[in-house]
There are 2 protein chains.
Amino acid sequence: MKTLIVHAHPEPRSLNSSLKDLAVSTLEAAGHEVRVSDLYAMNWKAAVDAEDYGLDATSRLKVAADSGRAFEHGTLAADVRAEQEKLLWADTVIFQFPLWWYSMPAILKGWVDRVFTYRFAYGVGEHSETKYGERYGEGTLAGKRALLSVTVGGPEAHYGPRGINGPIDDLLFPIQHGILYYPGIESLPPFVLYGTDRMTDDEFGDVAKAWKERLLTLESTEPIPFRRQNFGDYELPSLQLKEGLEPAGRTGFGLHVRG
Amino acid sequence: MKTLIVHAHPEPRSLNSSLKDLAVSTLEAAGHEVRVSDLYAMNWKAAVDAEDYGLDATSRLKVAADSGRAFEHGTLAADVRAEQEKLLWADTVIFQFPLWWYSMPAILKGWVDRVFTYRFAYGVGEHSETKYGERYGEGTLAGKRALLSVTVGGPEAHYGPRGINGPIDDLLFPIQHGILYYPGIESLPPFVLYGTDRMTDDEFGDVAKAWKERLLTLESTEPIPFRRQNFGDYELPSLQLKEGLEPAGRTGFGLHVRG
């Protein structure tokens, strides 16, 4: 595998950073190529603004259109271009982050906002009454796979089907489906550690064992079977799921998972 | 009302900035007090790091614990303290932002990550086997109300109950419930504009009329009836919703809305 690890934690001795380090050493020892985008160490700029688009930024900034022109002209900010190149290089992307306020840390959201530009990650393919782009299973990054490795402060029960915070699969859906599957990246089932607010250093041995097992079986792990947009499951042009395709009683985000 | 507007768009002549400006003028003309946190204009720092906690940052940074001590000692970074003070001052908070990759822009997520510290927004109240804090309807910001004003590039059908992107209520749940209701803020039904990628300046008149109507009826608008944590709806200590409380067939995030 050619693996890109995108890492988002400010403390090099944190659980998240230890998991990132373990991923690097485990994958390299198994003969895989690994590159790391350590966003805090890179002092990654989180906010999209006109600087990202150089001379292609219009005086009244249009984020989509300007980013698309800058992408096509090769004038995106150098740090953004470097991340796009890493994504094109990789066949596997691991995101290592703590769940902060039920989503990714701002620095990682800023990686998405800035790197996933128009014409690169969205605005790809024909947009008409009969086709709304190449997305959700197609797109620039089709064929690649991703894994979210997420630490969660609270207990697992709070994230279960009836848990007060909402099901973890639903909380991660906007990332796994909305961000990753949109430009074509398939998500493997996430590696989620719960109760990390109260985890002690002594417990890291068991965690490390489980994490290594996941890492060494990535190639044989089946991705989440999200429905592809352009292969008959959706009405056009509304892109509503056709009636009757889902198991009885399934609603919400789960509609967009097959079977 | 005392209204805080938290605004997250880089272009002062954008639709989002126009909506923010209209909110200021409309509310002030109606006799309300208004303060604005224009995050791009403030050059808001998005990434949580040790600088936020001053001398209370431990050499191995612990985000929750260190932020809680810095909050209690009054040593949080000045920009964070200023935002916490604005939140305590306000009775109403409006968030104006574009939906980028199915969530808030990174600069706004960074406002949440940095301002919603331990002991201020979480880690409030007793945590034991019989009580897991004062949250979801209780907490530091209980009694306040919020409104998300969100622009969405794509068409409304894609965000409907069967729409490919997922229902808008579910996409906003991690914000309205997970971020806002957690420290006690009730959310009014959001003001969502769809299809803004193709909206022309000519259409702004109708949009402005609808927005002004929402603004001038905020005080009489009922919030989304999320379930309160500590008033009998949840099992302890698992915080799973008790069986049978929900309407037949309701699942997922919707379980946590009453009725």
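## Close-up views of a two-chain predicted model

**View 1. Arginines over aromatic rings in chain B.** B:R228 lies over the face of B:F231, 3.6 Å from the ring centre. B:R35 sits likewise over the face of B:W89, at 5.1 Å from the ring centre. A charge counts as over a ring if NZ of Lys or CZ of Arg is within 6 Å of the ring centre and within 35 degrees of the ring normal.

**Notes for all views.** This is a predicted model: local features need pLDDT of at least 70, side-chain atom pairs count only at pLDDT 80 or more, and totals for chains, interfaces and linings use all residues. Residues are numbered from 1 along each chain as its sequence is written, chains are lettered from A and ligands numbered from 1 in the order in which they are written, and side-chain values use heavy atoms, with hydrogens and water left out.

**View 2. B:K86 in helix α3 of chain B.** The helix spans residues 78–89. Helices (H or I, at least four residues) and strands (E, at least two) are DSSP runs, numbered from the N terminus. B:K86 counts as buried because its relative accessibility is 11%. The classes are buried under 20% relative accessible area, exposed over 50%, and partly exposed in between (1.4 Å probe, protein chains only). Leaving out residues up to four places away in sequence, B:K86 touches B:L4, B:R35, B:V36, B:S37 and B:M42. Contact means heavy atoms within 4.5 Å.

**View 3. A tilted aromatic pair, A:W111 and A:F116.** Rings of Phe, Tyr and Trp (its six-membered ring) pair if their centres lie within 6.5 Å; planes under 30 degrees apart count as stacked, over 60 as edge-to-face and the rest as tilted. By this rule there are 33 aromatic pairs over all chains. In the pair of A:W111 and A:F116, the centres are 5.9 Å apart and the planes make an angle of 55°. A:W111 is buried, at 0% relative accessibility. A:F116 is buried too, with a relative accessible area of 1%.

**View 4. The interface of chain A and chain B.** The size of an interface is often given as the accessible area lost when the parts come together. Buried area here is the accessible area (1.4 Å probe) that two parts lose on being put together, summed over both. Chain A and chain B bury about 5600 Å² between them, with 57% of it on carbon and sulfur atoms. On the chain A side, A:W101, A:R162 and A:I164 lose the most area to chain B, together 19% of what that side buries. The contact takes 69 residues from chain A and 69 residues from chain B.

**View 5. A salt bridge between B:R162 and A:E246.** A salt bridge is a side-chain nitrogen of Lys or Arg within 4 Å of a carboxyl oxygen of Asp or Glu. The count between chain A and chain B is 6. The side chains of B:R162 and A:E246 form one, at 2.9 Å from N to O. Elements giving two or more residues to the side of chain A that touches chain B are α4 (106–115) and α5 (168–181) of chain A. The largest share of that side, 7 residues, comes from α5(A).

View 6. Most residues other than glycine have a negative phi, and most peptide bonds are trans. Another joins B:L236 and B:P237, with omega about -5°. A:L239 has a positive phi near 55° and is buried at 0% relative accessible area. B:L239 has a positive phi of about 55° and is buried at 0% relative accessibility.
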